[in-house]
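Have the structure open as you read.

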Amino acid sequence: MNWQQQTIDLFLAYESIAVVISIVLNIVISVLGVVPSVFLTAANLAVFGLWGGIGVSFIGEVIGALIAFFLYRKGFGQLKERKGFSNPKVQRLLVASGKDSFLLILSLRIMPFVPSGLVTFIAAIGKTPWPIFAAASSLGKIPAILIEGFSVYQVIQWTGMGKWILASLAGIFIFLTLRRLYSRT
């Protein structure tokens, strides 16, 4: 049995508190920072429907990102001095504040497949104030969760659009894998 089905079963077993369970799971996923939340989004869509699932996923991801931001800032704030963060985009987010950090976080959040935990982590150890992080992260999550939710819903329903989305993602994955293999030689 997979994670998605186990999560659906959990929601159905505790139907009266399924929304709370989903939000708590999203917080845990956000704090861990490396676990993809797509299985949880799929479970939310299967149990709560398209718009209910998108709504629960959005609330959970926003709350999870804020809690992770505070925990990362408290526990990892001293890491920004390390040399391991040499990537120019990472450096830009580390030193950004105000309008620059808002726009950078917003643009990274809009893309649904950018690792959310990484964006939160870099913003937390950088100079981004939490109200700016909260606003940019929340606004950026709206289109991201809509794209992810709609895509996952179409795949779950196995409509023509779902098949097209799955085939497109497979094609992109194959292209990127082949490109990476041939660029090494």
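A residue counts as buried when its relative accessible area is under 20%. This is a predicted model, by the way. With that cut-off in hand, take Phe-69: its relative accessibility is 0%, so Phe-69 is buried. Phe-133 also comes in at 0% and is therefore buried.

**The ring pairs**

How many aromatic pairs does the structure hold? There are 8 aromatic pairs. One of them is formed by Phe-69 and Phe-133: the ring centres are 4.4 Å apart and the planes meet at 15°, so this pair is stacked. Phe-69 belongs to helix α3 (residues 38-76) and Phe-133 to helix α7 (residues 130-157), so their pairing ties together parts of the chain that are 64 residues apart in sequence.

Next up are Phe-76 and Phe-121. Their ring centres lie 5.5 Å apart with the planes at 65°, so this pair is edge-to-face. Here, too, distant parts of the chain get linked: Phe-76 sits in helix α3 and Phe-121 in helix α6 (residues 116-125), 45 residues apart.

There's also a cluster to look for: ring pairs join Phe-69, Phe-70, Trp-130 and Phe-133.

| Residue | Relative accessibility | Class |
|---|---|---|
| Phe-76 | 37% | partly exposed |
| Phe-121 | 17% | buried |
| Phe-39 | 17% | buried |
| Ile-156 | 35% | partly exposed |

Phe-39 is part of helix α3, and its relative accessible area of 17% is under the 20% cut-off, so Phe-39 is buried. Which residues does Phe-39 contact, leaving aside neighbours within four places in sequence? They are Trp-3, Gln-4, Thr-7 and Ile-29.

Ile-156 is located in helix α7. Is Ile-156 buried or partly exposed? At 35% relative accessibility, Ile-156 is partly exposed, because that class covers values between 20% and 50%. Not counting residues up to four places away in sequence, Ile-156 touches Gln-4, Ala-42 and Leu-45. Take Ala-42: its C-alpha is 7.5 Å from that of Ile-156, although the two are 114 residues apart along the chain.

Key:
Residues numbered from 1 in each chain as written. Predicted model: local features only at pLDDT ≥ 70, side-chain atom pairs only at ≥ 80, totals over all residues. Heavy atoms only, no water. Phe/Tyr/Trp six-rings, centres within 6.5 Å; stacked < 30°, edge-to-face > 60°. Helix = DSSP H or I, 4+ residues; strand = E, 2+ residues; numbered from the N terminus. Buried < 20%, exposed > 50% of the residue type's maximum accessible area, 1.4 Å probe, protein only. Contact = heavy atoms within 4.5 Å.
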